[in-house]
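Trainee: I would like to learn how to read the features of a model like this one. Please take me through them one at a time.

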Amino acid sequence: MGFKRKVYTLLEVSDKPNSASYNFDVFIISLIVLNVLAIVLESVASLAQQFSTGFQIFELFSVFVFTIEYVLRVWTANLNPKYSTPIAGNVRYAFTPLAIIDLLAILPFFLPLLGVDLRLLRILRIFRIFRLFKITRYVDALADIRMVFKQKKEELVISLMLTLFLLLIASTLMFYVENESQPDKFSSIPETMWWGIATLTTVGYGDIYPVTPMGQLLAGVIAIIGIAFLALPTGILASGFSEAFRKEKSSDHCPACGQSIPSKEAIS
């Protein structure tokens with residue numbers, strides 16, 4: 001096995017414990033989690049000032065590791081049949097969502113070195129949070145989440161459309177009921193939609209609320225209906241996850257290659 005193939009194998013996700021690829025995955029995931037924790041802690045002014053040197057050293061180390069990983073992934077991309085064409089395949093891989101996330105994770109560090117105004121760093125530092133999304137390359141459960149959303153997208157779109165329709169109807173009715181009593185707060189249907197969103201999501205900020213008996217009755221009915229409508233996406237996703245986990249449990253793994261194969265129960 002050539003060096004390039006060894007690097008490609010190392011970078012690929014593995015579910016075999018104690019293998020080099022598996023250990024590399026654990027290392028990268030741990031580094032990503034620590035980076036997110038560092039971002040959170042660095043936002044505390046006292047901690048940022050007290051441990052500024054430590055944060056800078058950790059940032060340099062993280063950027064070094066993520067940069068090497070990104071370069072190696074792009075370099076070995078054409079070993080994947082999907083990107084087998086030399087150069088062109090590497091470029092195509094560089095524009096895939098995961099590769100772009102990898103790039104965004106290190107970009108805020110390098111742009112100031114290229115002469116970009118340092119003040120932009122404050123804005124670009126938010127892209128460091130993209131390191132969290134790099135975990136999707138390694139965690140199978142997150143892949144299942146993506147699959148469930150893809151399989152249930154029609155149902156989710158329908159539930160979203162129903163919710164938006166309910167929001168429009170509720171805001172329209174409330175506007176005509178409350179506009180005369182509170183023309184400053186329920187001045188138009190778009191303005192009333194803010195109340196509708198707060199009510200349907202059961203947040204209830206309390207900055208806008210009906211004062212007429214009819215408006216209060218209508219608000220109560222809308223709030224109850226809103227709970228039922230907002231439960232629709234939850235039920236759809238729960239059903240999708242249940243199906244995905246049931247399929248996963250009904251499959252076995254080949255001892256030689258580790259690939260998932262249907263079990264006898266699943267086949268029957």
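Mentor: Start with surface patches, which are made of residues with over 30% relative accessible area and no salt bridge; like charges are joined within 9 Å, and nonpolar side chains (Val, Leu, Ile, Met, Phe, Trp, Tyr) within 5 Å. Accessible areas come from the Shrake-Rupley method with a 1.4 Å probe, and for residues only the protein chains shown count as cover. A salt bridge is a side-chain nitrogen of Lys or Arg within 4 Å of a carboxyl oxygen of Asp or Glu. In this structure Ile87, Val91, Phe95 and Ile100 make a nonpolar patch of about 420 Å².

Mentor: Before going on, note that this is a predicted model, in which local features need pLDDT of at least 70 and side-chain atom pairs count only at pLDDT 80 or more, while totals for chains, interfaces and linings use all residues. Residues are numbered from 1 along each chain as its sequence is written, and side-chain values use heavy atoms, with hydrogens and water left out.

Trainee: Is isoleucine 87 buried or exposed?

Mentor: Buried means under 20% relative accessible area, exposed means over 50%, and partly exposed is in between (1.4 Å probe, protein chains only). Isoleucine 87 counts as exposed, at 63% relative accessibility. Isoleucine 100, another member of the patch, is partly exposed at 35%.

Trainee: Where are these two isoleucines placed?

Mentor: Helices (H or I, at least four residues) and strands (E, at least two) are DSSP runs, numbered from the N terminus. Isoleucine 87 sits in the loop between helix 4 and helix 5, and isoleucine 100 belongs to helix 6 (residues 97–110).

Trainee: What is the phi of isoleucine 87?

Mentor: Most residues other than glycine have a negative phi. Isoleucine 87 is not a glycine, yet its phi is positive, about 65°.

Trainee: How many helices and strands does the protein chain have?

Mentor: There are 12 helices and 2 strands. In sequence order the pattern is α-α-α-α-α-α-α-α-α-α-α-β-β-α. Of the 268 residues, 31% count as buried.

Trainee: Which residues touch the most other members of the largest nonpolar core?

Mentor: In soluble globular proteins, nonpolar side chains tend to be buried together. A nonpolar core is a set of buried Ala, Val, Leu, Ile, Met, Phe, Trp, Tyr and Cys residues joined through side-chain atoms within 4.5 Å. The largest core here has 18 residues, and those touching the most other members are Phe24, Ile28, Ile32, Phe66, Tyr70 and Tyr93. At least two residues of this core come from each of helix 1 (3–11), helix 2 (20–42), helix 4 (52–76), helix 5 (88–94) and helix 6. Another core lies apart from it, with 11 residues, including Leu167, Phe186, Leu200 and Leu218.

Trainee: How many salt bridges does the structure hold?

Mentor: The structure holds 2. In one of them, the side chains of arginine 73 and glutamate 69 meet at 3.1 Å, N to O. Both residues lie in helix 4, 4 residues apart, about one turn of the helix. Arginine 73 is buried at 6% relative accessible area, and glutamate 69 is buried at 2%.

Trainee: Which residue forms a salt bridge with glutamate 243?

Mentor: Glutamate 243 pairs with lysine 152, and their closest N and O atoms are 3.6 Å apart. This pair links distant parts of the chain, 91 residues apart: glutamate 243 is in helix 11 (residues 213–249), and lysine 152 is in the loop between helix 8 (140–151) and helix 9 (153–178). Glutamate 243 counts as partly exposed at 27% relative accessibility, whereas lysine 152 is buried at 11%.
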